[in-house]
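Reader: Before I set anything up with this protein, I would like to go through its strands, cores and aromatic rings. Please show me the sequence and the structure.

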Amino acid sequence: MAKKVQTKSTEEILWDSANKLRGSVEPSEYKHVVLSLIFLKFANDKFLRRRQGLINEHKDAFLEIPEFYQAENIFYLPEESRWTYIIENAKQEDITLKVDSALKTIERTNKSLEGALPDNYFSRLGLDQSKFSALLDSINNIDTLKDEAHDIVGRVYEYFLSKFAIAEGKGKGEFYTPKSIVNLLAEMIEPYKGKIYDPSCGSGGMFVQSLKFIEKHKGNKKDVSIYGQELTNTTYKLAKMNLAIRGIASNLGSKAADTFADDQHKDLKADYIMANPPFNLKDWRAENELTDDQRWAGYEVPPKSNANYGWILNMISKLSQNGVAGFILANGALSGGGEEYKIRKQIIENDLVEAIVILPRAMFYSTDISVTLWILNRNKKERTLHVNDGTKNYRSRENEVLFMDLRQKGEPFEKKFIQFGEEEITTIAGHYHNWQQIDWEETYQNIPEYSYSATLEEIRKKDYSLVPSKYIEFVNRDESLDYDEQMQILQTDLKDLFQQESQLKEEVSNVFKTLGYEL
């Protein structure tokens, strides 16, 4: 029987080419190189198709008029910024300058791309010319329009963003939230219509998955509008590019800016908020700054030592009358004293907390701690969603909070990470929605070691702690144990064993060398 040959996907082939740039360029740098080139190829393919359409319609006089492209949501490309021109000059010594010039020209010609593309980036990096040319050849082989239904370019972007986040490691992957977490969040808060906001939008993944959710449930993408903000300039550009290639109109503010110090959406009232803000951000404001900010009117001023509750109050202030927010925070925000305790108590008493969901460890590429998904609801009363695949009636329980523990859920991913599968996401979201149903007495039940619906009075008795293990019934596990801490200890022990094994191998090897043998 003939041996089955495994063919690599487009994403994998490109990743292999991009990896050849490593050594001279850090992952945090070459992601912008690769993704900008893919954008350039994609924009070129759409431009050429539209151009051929104009020729077929005998409209040759309009071939160089940008409006005839932009009207079809296609970027107009002057000749020196077209991919064909780049490839013709791929072996020239000044190829990086030509790529920089192409990107600058495209941005200048298409107002919707203003501030989105790297500026004089390629020539500054000192890229190895032969490796760069090889990467251009690899990208040249992609037919970005071959299977538009499967969104080849979008898939490549998604794949690369996750791979870059993994490659960059701890402290560097904040711009990317793993897709399965975003999918779970979207399935739970269901962002069908209205304004969607992300105060720390990174590369725009929350928005992309939100619109995929709408498509999956046969909704209309035109029913939502996108608002976001991002601090880091290169990531801000990445987000604009990520959204542009998918034809997603957005308002990410006029520039990259600090959400706290320079709010780009001061008057926004969002229907849905989806966010993964930086965990435990320290010194996010000076001692006497932002003390009278309207975003925390009615609450204590969030402590400058940790921004977690600054993010929470920022999001609460942006919610519309019926708005719902879903976001990720480190577990430390669930309990603790001082100003955070007072803010948390007030949020609970204001009946804004709808669900607290603790996630498994090792889901994020930048940290291996367990984190929590929060859902806040401005209006815990009956609401009806009219969507193309049916009408849903929900009535969140007033003065109750659903606690869920997902630490035993998930499946292995990339050997050392955990992710949720599609069926698992459907099951988890379904459990949450059953709890929300008008006839919840018939559809929802507390499940030991998994979920518990706590009343406001129960939460008061626990001194306003939002730690799920204080409410969920445990049968086969000791509720008093800190399982995250235990897992950390086990991982440390395992790491020590590997180190001991490595040392032992080295000692054995040295002994054999002493005896004149080579292992």
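Author: The questions below concern a predicted model and take up strand pairing, nonpolar cores and ring contacts in turn.

Reader: Which residue in β2 stands opposite Gly-194?

Author: Strand β1 covers residues 194-198, and five bridges join β1 to strand β2, residues 224-228, in the parallel sense. The chain passes from β1 through helix α10 (residues 205-216) to β2 in a right-handed β-α-β crossover. In this pairing, the residue of β2 opposite Gly-194 is Val-224.

Reader: What is the bridge partner of Tyr-197 in β4?

Author: Strand β1 also pairs with strand β4 (residues 270-275), again parallel, over two bridges. Four of the five residues of β1 are buried. The β4 partner of Tyr-197 is Ile-273.

Reader: Which element gives the most residues to the largest nonpolar core?

Author: The largest nonpolar core holds 47 residues, and Val-33, Leu-37, Phe-122 and Phe-132 have the most contacts inside it. Among the elements that give it two or more residues are α1 (10-19), α2 (27-56), α8 (152-168) and α11 (233-244). With 11 residues, the element that gives the most is α2.

Reader: Is the aromatic pair of Phe-260 and Trp-296 stacked or tilted?

Author: Phe-260 is in the loop between β3 and β4, and Trp-296 is in the loop between β4 and α12, 36 residues apart. Phe-260 is buried at 3% relative accessible area, and Trp-296 is buried at 2%. The ring centres lie 6.5 Å apart with 55 degrees between the planes. Stacked requires planes under 30 degrees apart and edge-to-face over 60, so the pair counts as tilted.

Reader: What is the angle between the planes of Tyr-432 and Trp-435?

Author: Tyr-432 and Trp-435 are about one helical turn apart because they are three residues apart in helix α14 (residues 422-436). Tyr-432 is buried at 1% relative accessibility, and Trp-435 is buried at 0%. Their rings are stacked, with centres 6.3 Å apart and an angle between the planes of 25 degrees.

Reader: Which residue lies over the face of Tyr-450?

Author: Here the contact is between a charge and a ring. At 4.9 Å from the ring centre of Tyr-450, the residue over its face is Lys-409.

Notes: Residues are numbered from 1 along each chain as its sequence is written. This is a predicted model: local features need pLDDT of at least 70, side-chain atom pairs count only at pLDDT 80 or more; totals for chains, interfaces and linings use all residues. Side-chain values use heavy atoms; hydrogens and water are left out. Buried means under 20% relative accessible area, exposed over 50%, partly exposed in between (1.4 Å probe, protein chains only). Two strands pair if DSSP finds at least two bridges between them. A crossover is right-handed if, with the strands pointing away from the viewer, the path from the first strand over the helix to the second runs clockwise. A nonpolar core is a set of buried Ala, Val, Leu, Ile, Met, Phe, Trp, Tyr and Cys residues joined through side-chain atoms within 4.5 Å. Rings of Phe, Tyr and Trp (its six-membered ring) pair if their centres lie within 6.5 Å; planes under 30 degrees apart count as stacked, over 60 as edge-to-face and the rest as tilted. A charge sits over a ring if NZ of Lys or CZ of Arg is within 6 Å of the ring centre and within 35 degrees of the ring normal.
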